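Here is a briefing on one protein chain for a reader who is new to structures. Please look over the sequence and the model first, and then follow the points below.

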Amino acid sequence: MEPLSLPFSAPRPVLHVHGTSLCARLARYFLAREGQWVNARELLTVAGFAAWRSRLAELRFAPWSMKIENRTRRVNGITESHYKFVRE
């Protein structure tokens with residue numbers, strides 16, 4: 001069986017981030033911590049308290065196209081969320 005080929009090229013993650021938007025700031029933060037789990041509480045201080053989750057979601061799509069994984073765990077009865085940027 002032949003591998004599946006797409007009629008378009010998949011977007012590549014942005015490796016150099018310029019700009020002053022909170023989304024760009026969050027992208028730089030993840031790039032500096034590639035492969036490391038980052039607690040969600042850290043992210044809200046980087047990307048803004050009110051919409052950090054929306055900015056994180058934006059990074060998963062073009063023009064950023066960053067692969068950001070998520071895990072949750074219970075610690076002392078509290079659910080903690082962590083996120084990690086990995087290159088594809």
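How many bridges join β1 to β3, and in which sense do these strands run? Two bridges join them, and the strands run antiparallel. This is a predicted model, in which local features need pLDDT of at least 70 and side-chain atom pairs count only at pLDDT 80 or more, while totals for chains, interfaces and linings use all residues. Residues are numbered from 1 along each chain as its sequence is written, and side-chain values use heavy atoms, with hydrogens and water left out.

**The sheet**

- Strands (E, at least two residues) and helices (H or I, at least four) are DSSP runs, numbered from the N terminus, and two strands count as paired if DSSP finds at least two bridges between them.
- The three strands form an open sheet in the order β1-β3-β2, with antiparallel pairing, and β1 and β2 are its edge strands, because each pairs on one side only.
- Strands of a sheet pair through backbone hydrogen bonds, either parallel or antiparallel.
- Between β2 and β3 the antiparallel pairing extends over nine bridges; V75 stands opposite I78 in β3, and T72 has S81 in β3 as its bridge partner.

**Residue N39 in strand β1**

- N39 is found in strand β1 and stands opposite H82 in β3.
- With a relative accessible area of 14%, N39 is buried, where buried means under 20% relative accessible area, exposed over 50% and partly exposed in between, using a 1.4 Å probe and protein chains only.
- Leaving aside residues up to four places away in sequence, N39 touches E80, S81 and H82, a contact being heavy atoms within 4.5 Å.
- A polar atom of the N39 side chain lies 2.8 Å from the backbone nitrogen of R41.

**Helix α1 and its neighbours**

- Helix α1 covers residues 22-32, and its buried residues are C23, A24, L26, A27, Y29, F30 and L31.
- These buried residues pack against β1 (38-39), α2 (40-47), α3 (52-59), β2 (67-75) and β3 (78-86).
- α1 lies across β1, β2 and β3 and runs at about 80° to β3; axes are lines fitted to C-alpha atoms, for helices over the stretch in contact, and angles run from 0 to 180 degrees between N-to-C directions.
- α1 and α2 pack at an angle of about 140°, with their axes 9 Å apart.
- That angle makes α1 oblique to α2, since angles under 35 degrees count as roughly parallel, over 145 as roughly antiparallel, 65 to 115 as roughly perpendicular and the rest as oblique.
- In this packing, L22, R25, L26, Y29 and F30 of α1 meet E42, L43, T45, V46 and A47 of α2.

- Most residues other than glycine have a negative phi, and most peptide bonds are trans.
- A cis peptide bond, with omega about 10°, joins A62 and P63, and P63 lies in the loop between α3 and β2.
- S65 also lies in the loop between α3 and β2; S65 has a positive phi of about 50° although it is not a glycine, and at 8% relative accessibility S65 counts as buried.
- N76, in the loop between β2 and β3, has a positive phi near 55°, and its relative accessible area of 77% makes N76 exposed.

Note on methods
A polar contact is a pair of N or O atoms within 3.5 Å; within protein, one must be able to donate a hydrogen and the other to accept it, and residues adjacent in sequence count only if both atoms are side-chain atoms.
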